[in-house]
Amino acid sequence: MKDKEILLSELEPFRPAVISSINLKDKDTLKKLMALGVLPGVPVKVIQQSPSYVFQAGNTKIAADSKIASNIKVVEK
Amino acid sequence: MNIKKNTEQHHNLDEAISEIESLLKFDYSMSKKMIAELLLQEDEEMLQIVAEKEPAYDQIIKIIEEQKQKFDKPLQYILAVNRKKKVEDILQDVVKVEEKSISKTQQFLDKLTIHPITGIPILILVLYFGLYKFVGEFGAGTVVDFIEGEIFEAHVNPWINNIVTSMIPYKPLQELIALDYGIITLGIRYAVAIILPIVGAFFLVFSIIEDSGYLPRLALLIDRVFKKIGLSGRAVIPMTLGFGCGTMATLVTRTLETKRERILATFLLALAIPCSAQLGVIMSLLSENPRALFIWIIFMIFVFLLIGYLSSKVIPGEPATFFMEVPPLRLPKLTNVLEKTFTRMKWYFVEIMPMFILASVIIWIGRMTGLFDFLVRILTPVMEMMGLPGEMAEAFIFGFFRRDYGAAGLYDMQKLGTLSGIQLVVASATLTLFIPCIAQLIIMIKERGIKTALTIVSFIFPFAFFAGFVLNWLLTTLGVAI
């Protein structure tokens, strides 16, 4: 089950993964997230899940709510 | 899966780009490939230019639509993925990445500030030392006492009053410049002696917090609470700034993502967030009475959350989403902090001085024509309904011209020692809720439009008095001893 896609919100903290796709409907948010370097192929690691999600995508640390975290799909490394 | 599918169709996308390139006839100052890519990403500005300049516009749009149909994701996304792949291919052979180690202390602090269990006590410490101790006690206490008492009341005012009364024989003109409500003795005194030290202290603290990278951490801690009132964690920046200057904060609501959030933030700033000038004065009013201060804080938080929650139910639109880059914590650079503080103080001073002078003049006109007395008379029974002395109406009328001005008027009354504990709390709460200062109102109209601004104002006016009435009734009925 190595290649199974899961949601970023389901990824266990500190487990290395790679972003596989982003499914946000809102184009503006998508654009801004991409500008922060949240893109398929980027290594990702969840640092904290509450009160907000905090994850490291590439070299950027990002805080996001569950709506965003559950629209990013990742594959565990 | 998506990645594979995209690369299969990559060829087509490249073809589409070159096709659009060949259709572009106008001479742009950048490469046509770039323009083709921008068009495929539906860049609005570029689409508009092309619509005006290109005869083959319809054909270009057709190609874009065709490509859009082929993907289940926005083209923007597809292009960004392709771009990233290319960048990686180039970098692969020429760049070696070394893991940079971050110092242990920094990592530790980093964790502490974003973890809910440690983050919230840290937030309270920041607020206590930054706002209460430094802005409240030092700025609004020590510095104000010195400038107000030692400089103005001991030297400037008697000196000005002396000159004016001996040089100008005409009493109304004397009152315009000096005496109780004059431009110099009231307007400039308030601006320089009371407001400036408080605002200056706040801006200094805010610049330090801003430059340390702490604000996004605060935003992520508070996001869930803010979602309940229709805002996202991002709104913590204008909201915090509102504790400094509501006018500046209203301007900063621009940085929020949706129109709905901007309206809600503007509204809550006008209603429930006391600016530093008010905060300073209110804190010095209530600091000798910790219970009164505590009740005021609880009441303001309650109103903020309740009204925020209710209005987020009423104002239509999508709920806010939240994401933000979290920069590493840095030690702020002194020169940057000082420069920011200075620039903000300058902005504030340039903006505030004319308002204070204007307010002095309006109060003077109001007093001369009897209009002021008339308004005070109307408001007097309202004050009494809230259990406040009728004379307080004057402070509220002042408050219309500047919210902080009203608070400062209250401060004068408290020094006379005529107010009871309950009266202090009710007056402070009502004044905090009451209409924002005239400058903030102008910015509200400019930023949100006259209709929204007036709707907000026509809610706040009666609500402030109603809340004061309820609070007074509650405290009296429950027999709370303050």
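This is a predicted model: local features need pLDDT of at least 70, side-chain atom pairs count only at pLDDT 80 or more; totals for chains, interfaces and linings use all residues.
Figure 1. A:Pro51 sits in the loop that runs between strand 3 (43–48) and strand 4 (53–57) of chain A.

**Figure 2. Two residues with a positive phi.** Start with A:Phe14, which has a positive phi of about 65 degrees although it is not a glycine. You can find A:Phe14 in the loop between strand 1 (5–7) and strand 2 (17–22) of chain A. With a relative accessible area of 47%, A:Phe14 is partly exposed. Now move to chain B, where B:Glu42 has a positive phi of about 55 degrees, and this residue is not a glycine either. B:Glu42 belongs to the loop between helix 2 (32–40) and helix 3 of chain B.

**Figure 3. A salt bridge between B:Glu42 and B:Lys68.** Here we stay with B:Glu42, which forms a salt bridge with B:Lys68; their closest N and O atoms are 2.9 Å apart. B:Glu42 lies in the loop between helix 2 and helix 3, while B:Lys68 lies in helix 4 (residues 57–70), so the pair ties together parts of chain B that are 26 residues apart in sequence.

Figure 4. Side chains of opposite charge can pair when their charged atoms come close. In one such view, the side chains of B:Asp110 and A:Lys61 meet in a salt bridge of 2.2 Å, N to O. B:Asp110 lies in helix 6 (residues 104–114) of chain B and A:Lys61 in strand 5 (residues 60–64) of chain A, so this pair joins two chains. Both B:Asp110 and A:Lys61 are buried. Another salt bridge links A:Asp65 with B:Lys227, with the closest N and O atoms 2.7 Å apart. A:Asp65 is in the loop between strand 5 and helix 2 (66–69) of chain A, and B:Lys227 is in helix 10 (residues 215–228) of chain B, so this pair also joins two chains. A:Asp65 is buried, with a relative accessible area of 6%, whereas B:Lys227 is partly exposed, at 27%.

**Figure 5. A network of salt bridges.** Salt bridges that share partners join B:Glu210, B:Asp211, B:Lys340 and B:Arg344 into one network. How many salt bridges are there over all chains? The count comes to 20.

**Figure 6. A negative patch on the surface.** A:Asp26, A:Asp28, B:Glu44 and B:Glu318 gather in a surface patch of negative charge. One of them, B:Glu44, is found in helix 3 (residues 44–53) of chain B. B:Glu44 is exposed, with a relative accessible area of 68%.

Figure 7. A disulfide is a covalent bond between the sulfur atoms of two cysteines. The structure holds zero disulfides over all chains. B:Cys245 is in no disulfide, and the nearest cysteine sulfur, that of B:Cys275, is 6.7 Å away. The cut-off for a disulfide is 2.5 Å between the sulfur atoms. B:Cys245 is buried, with a relative accessible area of 2%, and B:Cys275 also counts as buried, at 7%.

Definitions and conventions:
Residues are numbered from 1 along each chain as its sequence is written. Chains are lettered from A and ligands numbered from 1 in the order in which they are written. Side-chain values use heavy atoms; hydrogens and water are left out. Buried means under 20% relative accessible area, exposed over 50%, partly exposed in between (1.4 Å probe, protein chains only). Patches are made of residues with over 30% relative accessible area and no salt bridge: like charges are joined within 9 Å, nonpolar side chains (Val, Leu, Ile, Met, Phe, Trp, Tyr) within 5 Å. Accessible areas come from the Shrake-Rupley method with a 1.4 Å probe; for residues, only the protein chains shown count as cover. A salt bridge is a side-chain nitrogen of Lys or Arg within 4 Å of a carboxyl oxygen of Asp or Glu. Lys and Arg count as positive and Asp and Glu as negative; His and the chain ends are not counted. The place of a charge is taken as NZ of Lys, CZ of Arg, CG of Asp or CD of Glu. Helices (H or I, at least four residues) and strands (E, at least two) are DSSP runs, numbered from the N terminus.
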